[in-house]
Amino acid sequence: MTIKRFVLAAATALTTALSAHAGIVTVSNNTPVTVCDLCTVTSTITYGSHLLLDDVNVSLFDLRHTWDSDLLIQLISPTGTLVTLSNRRGNSGENFINTVFDDEATVAVAGARAPFTGSYRPDARLSALDGQDAFGTWTLRVSDVTAFDNGRLNSWGLTFSGLSQDNQNVPEPASLALVGIALAGVGLARRRKV
């Protein structure tokens, strides 16, 4: 392998490492939470890595409620951006079971009926979160806004996709300089042998 090909291969590998996207699923560890009648409850997920987001999906694995159209369901990012997932949808139907809110879904939650199972476009675009750092505490807020019914949030999660911003994945300039010096040394050593 010539030094030119070796440097090209190293540069390609470094570019690939820097642009790699992560598909990360994280699940709340502070559920279940009772969704009381005429009240607002929250559940959180704390994500400990820096990730520049290009897609976020929200999964309600198990949200039981006897009248879904009582519910206002919202996601709040660590920076305070609020996205309404479902604003009183589902009429008199019950439950969100294995429900995924995804901007790319073919069916809008506004046009669907409960029980909600499958993928739905949320009432507001999750793309409002694109470009934010995933690091920090994410909050799912569930409000029961009409009397006579209650429920329980048993489990939910987030799926993140984006560019890693952690130091171990993004080499600092000094590391890149060392790689360059090493490549130059390999090239010189190879040239002397030839």
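1. **The disulfide.** Cys36 and Cys39 are joined in a disulfide, with their sulfur atoms 1.7 Å apart. The term is used here for a pair of cysteine sulfur atoms within 2.5 Å. A disulfide is a covalent bond between the sulfur atoms of two cysteines. The whole structure holds 1 disulfide. The link of Cys36 and Cys39 is right-handed, with 120 degrees about the S-S bond. Cys36 is partly exposed because its relative accessibility is 33%. Cys39 is buried, at 16%. Buried means under 20% relative accessible area, exposed means over 50%, and partly exposed lies in between (1.4 Å probe, protein chains only).

2. **What kind of model this is.** This is a predicted model, in which local features need pLDDT of at least 70, side-chain atom pairs count only at pLDDT 80 or more, and totals for chains, interfaces and linings use all residues. Residues are numbered from 1 along each chain as its sequence is written, and side-chain values use heavy atoms, with hydrogens and water left out.

3. **The sheet.** Which strands form the open sheet, and in what order? There are 4 strands, in the order β3-β9-β5-β6, and the pairing is antiparallel. The edge strands are β3 (40–47) and β6, each of which pairs on one side only. From one strand to the next, the twist averages 20 degrees. Axes for such angles are lines fitted to C-alpha atoms (for helices, over the stretch in contact), and angles run from 0 to 180 degrees between N-to-C directions. Strands here are DSSP runs of E with at least two residues, and helices are runs of H or I with at least four; both are numbered from the N terminus.

4. **One pairing in detail.** Strand β5 (residues 71–76) pairs with strand β9 (residues 136–144) over 6 bridges, in the antiparallel sense. Two strands count as paired if DSSP finds at least two bridges between them. For a residue to look up, take Ile76: its bridge partner in β9 is Thr139. Strands of a sheet pair through backbone hydrogen bonds, either parallel or antiparallel.

5. Is Asp103 buried or exposed? Asp103 is buried, because its relative accessibility is 6%. Asp103 sits in the loop between β7 (96–101) and β8 (116–120). The side chain of Asp103 reaches two backbone nitrogens: that of Leu126 at 2.9 Å and that of Ser127 at 2.7 Å. A polar contact is a pair of N or O atoms within 3.5 Å; within protein, one must be able to donate a hydrogen and the other to accept it, and residues adjacent in sequence count only if both atoms are side-chain atoms. Setting aside neighbours within four places in sequence, Asp103 is in contact (heavy atoms within 4.5 Å) with residues including Asn57, Arg121, Pro122 and Ala124.

6. **Salt bridge of Asp103.** Asp103 also forms a salt bridge with Arg125, the closest N and O atoms being 4.0 Å apart. This pair links distant parts of the chain: Asp103 is in the loop between β7 and β8, Arg125 is in the loop between β8 and β9, and they are 22 residues apart. Arg125 is partly exposed, at 48% relative accessibility. A salt bridge needs a side-chain nitrogen of Lys or Arg within 4 Å of a carboxyl oxygen of Asp or Glu.

7. **Other salt bridges.** How many salt bridges does the whole structure have? The search finds 3. One of them joins Asp123 and Arg89, with closest N and O atoms 3.2 Å apart. Asp123 lies in the loop between β8 and β9 and Arg89 in the loop between β6 and β7, so the pair ties together parts that are 34 residues apart in sequence. Asp123 is partly exposed, at 29%, and Arg89 is partly exposed, at 28%. Another salt bridge joins Asp62 and Arg64 at 2.7 Å, N to O. Asp62 is buried, at 16%, whereas Arg64 is partly exposed, at 40%.

8. **Backbone points to check by eye.** The peptide bond from Ala114 to Pro115 is cis, with omega near 5 degrees. Pro115 is in the loop between β7 and β8. Asn95 is not a glycine, yet has a positive phi of about 80 degrees. Asn95 is in the loop between β6 (82–87) and β7, and is buried at 14% relative accessibility. Asn98 is not a glycine either, and has a positive phi of about 50 degrees. Asn98 lies in strand β7 and is partly exposed, with a relative accessible area of 46%.
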